Amino acid sequence: MKLTVFGANGGIGQEIVRQALGAGHEVTAVVRDPARFTATGERLEVVRGDLGDPGSLRPAVAGRDAVLSGLGPRKRADARTGIAAELTRSVLRAMDAEGTRRLLVVSAAPVGPHPADSPLADRAMLKVIGSILKDVYADLAAMEAELALSATDWTSVRPPRLQDKPLTGTYRKVVGGSPRAGRFIGRADVAHAMLAMMDDRATVKQGVGVAY
């Protein structure tokens with residue numbers, strides 16, 4: 001498949017690129033500074049993208065089978081400006097102009113519904129985290145609202161707390177919800193889940209919770 005990855009310099013974005021190349025896909029990595037991008041591969045093209053200009057992104061998404069995005073706020077100050085929603089809006093406009101349909105993005109578990117039978121400790125923890133990171137989650141919720149208004153076949157992947165752990169390929173997935181007591185997942189496994197969902201029609205126009 002021909003794939004485009006936004007946010008390719010981020011933790012999840014780097015894993016998407018690495019795993020996609022390992023699976024034999026052709027990958028276009030869109031980054032702000034190609035000189036800082038260290039991944040290499042025969043099927044890899046690295047391009048500089050101005051996420052403030054949707055028109056400049058059109059060549060990067062034209063003719064692609066799927067677009068995968070690890071874009072999002074890197075700090076709470078970014079979230080207060082609505083950066084995830086803003087950057088994703090640019091990607092959506094470029095995709096719409098080129099007729100590219102499949103899009104998978106990274107969101108967060110607290111943005112989606114929680115299992116009704118979640119342990120009390122989990123509910124208390126989510127309440128505290130939600131208060132601390134309310135700007136981040138508000139930004140991601142606004143991003144998901146942009147997806148819902150778009151013509152794309154989108155999937156929002158909602159992990160809980162992220163860890164830097166080796167790829168396992170073993171995790172739980174819930175379409176339209178979150179795994180019960182799902183507290184952690186490695187960035188490598190989030191990338192694995194996104195690549196695995198590209199052809200999964202059951203995840204189209206859905207939020208999908210992933211966790212160990």
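The following questions and answers concern a predicted model.

Q: Why is alanine 181 called partly exposed?
A: Its relative accessibility is 29%. Partly exposed covers values between the limit for buried, under 20%, and the limit for exposed, over 50%. Alanine 181 therefore counts as partly exposed.

Q: Where is alanine 181 placed, and what is its phi?
A: Alanine 181 lies in the loop that joins strand 8 (172-175) and strand 9 (184-186). Its phi is near 55°, a positive value in a residue other than glycine.

Q: What makes lysine 205 count as partly exposed?
A: The relative accessibility of lysine 205 is 39%. Buried would require under 20% and exposed over 50%, so the value of 39% places lysine 205 in the partly exposed class.

Q: Where is lysine 205 placed, and what is its phi?
A: Lysine 205 belongs to the loop between helix 7 (187-197) and strand 10 (206-211). Phi is near 60° for lysine 205, which is a positive value in a residue other than glycine.

Q: Which residues of helix 2 are buried?
A: In helix 2 (residues 54-61), Leu57, Ala60 and Val61 are buried.

Q: How do you know that the buried residues of helix 2 line one face?
A: Viewed down the helix axis, the buried residues fall within an arc of 85°, so they line one face of helix 2.

Q: What do the buried residues of helix 2 pack against?
A: They pack against strand 1 (2-6), strand 2 (26-31), strand 3 (44-48), strand 4 (66-69) and helix 4 (83-98).

Q: Which glycine takes a positive phi just after helix 2?
A: Glycine 63 does, with a phi of about 70°.

Notes: Residues are numbered from 1 along each chain as its sequence is written. This is a predicted model: local features need pLDDT of at least 70, side-chain atom pairs count only at pLDDT 80 or more; totals for chains, interfaces and linings use all residues. Side-chain values use heavy atoms; hydrogens and water are left out. Helices (H or I, at least four residues) and strands (E, at least two) are DSSP runs, numbered from the N terminus. Buried means under 20% relative accessible area, exposed over 50%, partly exposed in between (1.4 Å probe, protein chains only). The arc is that of the directions from the helix axis to the C-beta atoms. Contact means heavy atoms within 4.5 Å.
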